[in-house]
Amino acid sequence: MSLIRRRKLTKNQTRQIQKNQDTLIDDGTLVSGVIVSHFGKQLDVQITDLPDVLPDFLQDATPNALKIGDVWRCHTRTNLPMMAAGDRVKFSVDTTAGMGRIEVLSDRHTLITRPDRYNKVKPVAANVETLAIVFAPLPKPATNLIDRYLLVARLSDVRPLLVLNKADLLDDFEEVKQIYQEYQAIGEQYGFDVIQTSSVSHDGLDELKAQLADKLTIFAGQSGVGKSSLINQILPDVNQPTNIISIGSQLGQHTTTTSRLLPFDDGDLDKGGIIDTPGIREYGIWHLSADDIMTGFDELIALNGSCQFRDCNHAPNAKGCALWQAVADGEILGRRVESFNELVAEAKMGALSARNMAK
């Protein structure tokens with residue numbers, strides 16, 4: 001049997017083939033939609049607009065074989081980037097197989113990403129306008145985690161909204177009251193809202209709904225703070241699973257396992273909705289520099305570069321540190337500087353670990 005030898009391609013030929021694969025001419029037969037669920041290599045896409053030109057194989061198809069609001073399970077065309085819930089796409093359909101293929105990824109207004117364990121940055125949610133950061137009296141608020149999510153919002157150009165849930169318990173937790181007031185003061189100065197809600201008394205739910213109306217929102221926060229309960233209050237037909245807090249550990253348990261876009265109006269995704277995703281739980285920061293991390297600390301940015309020494313590490317005993325001088329003057333919170341330092345240290349350790357894994 002003779003062997004068929006593969007012709008070696010020049011670099012120009014390889015580039016041209018790649019360009020041809022990456023370029024798709026939309027002939028008007030593609031269906032427009034939004035990714036509403038993510039299942040690894042397959043995605044659910046809800047139709048928002050029908051094609052301008054009906055494909056030939058649909059001319060004799062059953063009426064309403066394709067209609068706005070339908071959800072199609074799709075795979076993606078080779079060479080398209082990774083996608084996430086909230087992405088707007090165009091796809092071709094195969095009515096025989098009942099599957100679609102995503103052919104075009106539309107421009108994103110915003111994109112929340114995170115690094116994975118393989119040192120690659122993955123999309124978490126696209127076209128999000130609000131990051132609702134939920135905390136509660138129980139479990140005890142992890143302010144470092146709240147600061148981490150504020151960093152995510154600032155880096156992604158997404159509006160942060162802090163939500164103190166389980167506010168009916170607040171009278172018994174003076175420390176949490178103080179945390180709420182501190183973030184409220186920062187928010188008033190730097191343009192984000194901090195509100196209170198309760199799934200039990202229903203207080204604050206109308207304000208929360210008004211904050212989220214006509215916007216695509218992603219919820220973040222510790223397990224057990226009541227994210228799923230709030231979503232059930234806003235979208236009662238969703239029936240998100242909820243878990244009680246462990247009595248022994250006073251910690252919550254994860255309930256969300258798959259990314260889903262939960263629309264406010266099933267027939268009109270432009271009216272916004274909530275993206276519930278496990279991808280936001282742990283936001284790794286090994287890929288960020290100290291200046292990147294500073295972006296999440298609005299009140300520290302103005303002081304950046306004002307220290308006596310250019311290589312200041314902002315440690316509590318650092319000579320001439322402008323940040324700690326501002327703390328001493330009562331202008332900023334010491335715990336916010338500590339939080340910044342902790343995140344920078346974590347990023348350095350994570351970057352070192354990533355480099356060692358790559359060797």
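Leaving aside neighbours within four places in sequence, Asp 147 is in contact with Tyr 183, Phe 297, Arg 335, Arg 336 and Ser 339, contact being defined as heavy atoms within 4.5 Å. The model is predicted, so that local features need pLDDT of at least 70 and side-chain atom pairs count only at pLDDT 80 or more, whereas totals for chains, interfaces and linings use all residues. Residues are numbered from 1 along each chain as its sequence is written, and side-chain values use heavy atoms, with hydrogens and water left out.

Asp 147 is located in helix H2 and, at 0% relative accessibility, counts as buried (under 20% relative accessible area, with exposed over 50% and partly exposed in between, for a 1.4 Å probe and protein chains only). Helices (H or I, at least four residues) and strands (E, at least two) are DSSP runs numbered from the N terminus.

Helix H2 (residues 143–156) packs with helix H3 (residues 174–190) at an angle of about 20°, the axes being 12 Å apart. From H2, Thr 143, Ile 146, Asp 147, Leu 150 and Arg 154 meet Ile 179, Tyr 183 and Tyr 190 of H3. The residues of this contact comprise 5 nonpolar, 1 polar and 2 charged.

The count of aromatic pairs comes to 2, where rings of Phe, Tyr and Trp (its six-membered ring) pair if their centres lie within 6.5 Å, and planes under 30 degrees apart count as stacked, over 60 as edge-to-face and the rest as tilted. The rings of Trp 72 and Phe 91 have centres 6.5 Å apart and planes at 45°, so this pair is tilted. Trp 72 belongs to strand S3 (residues 71–76) and Phe 91 to strand S4 (residues 88–94), and the pair thus links parts of the chain 19 residues apart. Trp 72 and Phe 91 are both buried. For Phe 297 and Phe 340, a centre separation of 5.7 Å and planes at 80° make the pair edge-to-face. Phe 297 lies in the loop between helix H6 (290–294) and helix H7 (298–301), while Phe 340 is in helix H9 (residues 334–358), 43 residues apart. Both Phe 297 and Phe 340 are buried.

Backbone features were also examined. The peptide bond from Leu 138 to Pro 139 is cis, with omega near -5°. Asn 79, in the loop between S3 and S4, has phi near 80° and is partly exposed at 38% relative accessibility.

Note on methods. Axes are lines fitted to C-alpha atoms, for helices over the stretch in contact, and angles run from 0 to 180 degrees between N-to-C directions. Ala, Val, Leu, Ile, Met, Phe, Trp, Tyr, Cys and Pro count as nonpolar, Asp, Glu, Lys and Arg as charged, and the others, Gly among them, as polar.
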